[in-house]
Amino acid sequence: MAKAITQIREVPKPEIEQEQAMTEIMSEIVANKDVILKTIRIMKGLEETKVLDAVESMIDQRTEIGAIAIQQVNQPAIRNVIKNAMNTFSFLGELQPGQLSDVLDGLSHGFERMAESGQEGKKQSLWQLRKRLWSREMRAAMTSMMNFMDGLGEVFLRNRRENS
């Protein structure tokens, strides 16, 4: 046998639900009045500058814009830019901040010295150049450059072996 109905659920009336929804919406509007007014001012400014028109046009033409974007990304030059950017970020991630700081400081100071000598326009004799090669600073720079060149050569040879 069937079980007897002991509870009768009341079916909510649409008018009451609508009234409750309106009350809830109005209380949220009152609570967030400042935010709503700021949003209206922003939207008004975007409308005055025709930004909303541009966005609306972009949304209407989204398929065509997407196709053009994909065509642009598929060009070899753009693919190379993306690969180079990824390699650059990988390279920067491998550097120790102190090392990079020292090298950039050295480059900056070297550029300053180069600009000064270019402005002065002094010519140096071979004897003066030879004498400068024996300075501590020049030996440190030359040693650093030689170590840089060694490291660069090691990677070139390793890559050549791996690609062969």
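Residues are numbered from 1 along each chain as its sequence is written. The model is predicted, with local features needing pLDDT of at least 70 and side-chain atom pairs pLDDT 80 or more, while totals for chains, interfaces and linings use all residues; side-chain values use heavy atoms, without hydrogens and water.

**Overall form**

The chain has eight helices and zero strands. Helices are DSSP runs of H or I with at least four residues, strands are runs of E with at least two, and numbering starts at the N terminus.

| Property of the chain | Value |
|---|---|
| Radius of gyration (over C-alpha atoms) | 35 Å |
| Span of the C-alpha trace along principal axes | about 110 × 55 × 35 Å |

A compact globule of 164 residues would have a radius of gyration near 15 Å. That rule is 2.2 Å times the number of residues to the power 0.38. Buried residues make up 0% of the chain. Buried means under 20% relative accessible area, exposed over 50%, partly exposed in between (1.4 Å probe, protein chains only).

**The negative patch**

Glu 47, Glu 48, Asp 53, Glu 56 and Asp 60 form a negative surface patch. Patch residues have over 30% relative accessible area and no salt bridge, with like charges joined within 9 Å. A salt bridge puts a side-chain nitrogen of Lys or Arg within 4 Å of a carboxyl oxygen of Asp or Glu. Helix H2 (33–48) and helix H3 (51–60) each supply at least two residues. H3 gives the largest share, three residues.

Glu 47 lies in helix H2. Glu 47 counts as partly exposed because its relative accessibility is 37%. Lys 50 sits in the loop between H2 and H3. Lys 50 is not a glycine, yet has a positive phi of about 65°.

How values were computed: Patch = residues over 30% accessible without salt bridge, like charges linked within 9 Å, V, L, I, M, F, W, Y side chains within 5 Å. Areas by Shrake-Rupley, 256 points an atom, 1.4 Å probe, with all protein chains shown as cover. Lys, Arg positive; Asp, Glu negative; His and termini not counted. Charge placed at Lys NZ, Arg CZ, Asp CG, Glu CD.
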